[in-house]
Amino acid sequence: MRLVTRRLIIREIKKSDVKDIVRNANNLNVSRYLLKVPYPYRRRDAESWVAMCIKESKEKPRANYQMAIELKSEKRFIGVISLTHVDRFQGTGRIGFWLGEDYWGQGIMSEAIEAVLKFGFEKLKLRRINWNAFVENKASNALARKFGFVFEGRRRKSLRSKATGRVHDDNLRGLLIEEWKKKQR
Ligand SMILES: CC(C)(COP(=O)(O)OP(=O)(O)OC[C@H]1O[C@@H](n2cnc3c(N)ncnc32)[C@H](O)[C@@H]1OP(=O)(O)O)[C@@H](O)C(=O)NCCC(=O)NCCS
């Protein structure tokens, strides 16, 4: 799978990304709001995650799209955007993402999300995309609102960050294909 936007190439994760994954993920500012990224983040963590992504990319039907965000101008991995738990019968999937701190605040994730929502709704024909974020995660919650994800509830003490060990409440949101289509006009 490969999506091209103005500044980005969204593509499969490769073994050669390991160094850049470690460089960007070994940062508590990135991992404190993530579920499964340990801190410190070492080469072996990246290697086993890359192996898992490659394995998942070959599954049929494919349930997990973990994609590298590559910046065209640097020709290197700078972050991840994923559609996971894709269930063709249910018509649902879950979006997730992170970006190296050096690249924050430039609209990069907005650009990536726009492309992945189009992929999910048009190519995978999903009916609904799920989003969840720790309640404290201002950037993720702001992004969800910007893309029209509807707040559907707050789960108490629902998730734990691997990096910090802290337990968080999380906000649940969803976007339906008809809501997404309305925003395209
Ligand atoms: C969340 C994250 C991917 C945002 O990436 P980004 O490329 O900086 O996001 P954008 O530049 O596209 O900004 C998106 C919107 O969020 C808002 N935003 C970004 N950072 C913010 C912050 N720290 N506080 C409040 N709002 C913020 C911006 O105002 C922007 O809205 P606008 O386009 O209307 O101005 C990045 O901060 C990150 O990787 N964080 C750590 C990992 C993480 O939290 N992942 C999500 C887990 S649910």
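## Ile129 in strand 6

Ile129 is buried, with 27 other C-beta atoms within 10 Å. In this predicted model, Ile129 is found in strand 6. Leaving aside neighbours within four places in sequence, the contacts of Ile129 are Gly93, Ile95, Leu117, Gly120, Gly174 and Leu175. Strand 5 spans residues 92-99 and helix 4 spans residues 108-123, while strand 8 covers residues 167-176. Ile129 and Ile78 stand 51 residues apart along the chain, and their C-alpha atoms are separated by 24 Å.

Eight strands make up an open sheet with mixed pairing, in the order 1-2-3-4-5-6-8-7. Its edges are strand 1 (2-4) and strand 7 (150-160), each of which pairs on one side only. On average, and with direction ignored, neighbouring strands of this sheet are turned by 25 degrees against each other.

Strand 7 pairs with strand 8 in the antiparallel sense, over seven bridges. Leu159 stands opposite His168, a residue of strand 8. The hairpin formed by strand 7 and strand 8 has six residues between the strands, and Gly165 takes a positive phi near 80 degrees in this hairpin.

## The nonpolar core

The largest nonpolar core has 43 residues, of which Ile10, Ile69, Ile81, Ala112 and Val116 touch the most other members. At least two residues of this core come from each of strand 2 (8-12), helix 1 (18-25), helix 3 (43-57), strand 3 (65-71), strand 4 (76-87), strand 5 (92-99), helix 4 (108-123) and strand 6 (128-134). Helix 4 supplies the largest share, seven residues.

Which residues does Ile81 touch, not counting those up to four places away in sequence? They are Ile10, Met67, Ile69, Phe97, Ala112 and Val116.

## Trp180 in helix 6

Trp180 has its place in helix 6, which runs over residues 177-184. Is Trp180 buried or exposed? Trp180 counts as buried because 20 other C-beta atoms lie within 10 Å, and the cut-off for a buried residue is 20 or more.

Beyond neighbours within four places in sequence, Trp180 is in contact with Leu117, Phe121 and Leu175. Leu117 and Leu175 are also among the contacts of Ile129. The C-alpha atoms of Trp180 and Arg128 are separated by 9.4 Å, with the two residues 52 places apart along the chain.

## Helix 5 and the ligand shell

Helix 5 lies across strand 6 and strand 8, and runs at about 155 degrees to strand 6. Helix 5 (138-146) is one of the elements, together with strand 5 and helix 4, that each supply at least two residues of the shell around the ligand. The most comes from helix 5, with six residues.

The ligand has 21 residues around it, and Tyr33, Met109, Ser110, Lys138 and Ala139 come nearest. Sorted by class, this shell holds 13 nonpolar, six polar and two charged residues.

Key: Residues are numbered from 1 along each chain as its sequence is written. This is a predicted model: local features need pLDDT of at least 70, side-chain atom pairs count only at pLDDT 80 or more; totals for chains, interfaces and linings use all residues. A nonpolar core is a set of buried Ala, Val, Leu, Ile, Met, Phe, Trp, Tyr and Cys residues joined through C-beta atoms within 7 Å. A residue is buried if 20 or more other C-beta atoms lie within 10 Å of its own, exposed if 12 or fewer, and partly exposed in between; C-beta atoms are placed from the backbone. Helices (H or I, at least four residues) and strands (E, at least two) are DSSP runs, numbered from the N terminus. Two residues are in contact if their C-beta atoms, placed from the backbone, lie within 7 Å. A residue is near a molecule or strand if its C-beta atom, placed from the backbone, lies within 6 Å of it. Ala, Val, Leu, Ile, Met, Phe, Trp, Tyr, Cys and Pro count as nonpolar, Asp, Glu, Lys and Arg as charged, and the others, Gly among them, as polar. Two strands pair if DSSP finds at least two bridges between them. Axes are lines fitted to C-alpha atoms, for helices over the stretch in contact, and angles run from 0 to 180 degrees between N-to-C directions.
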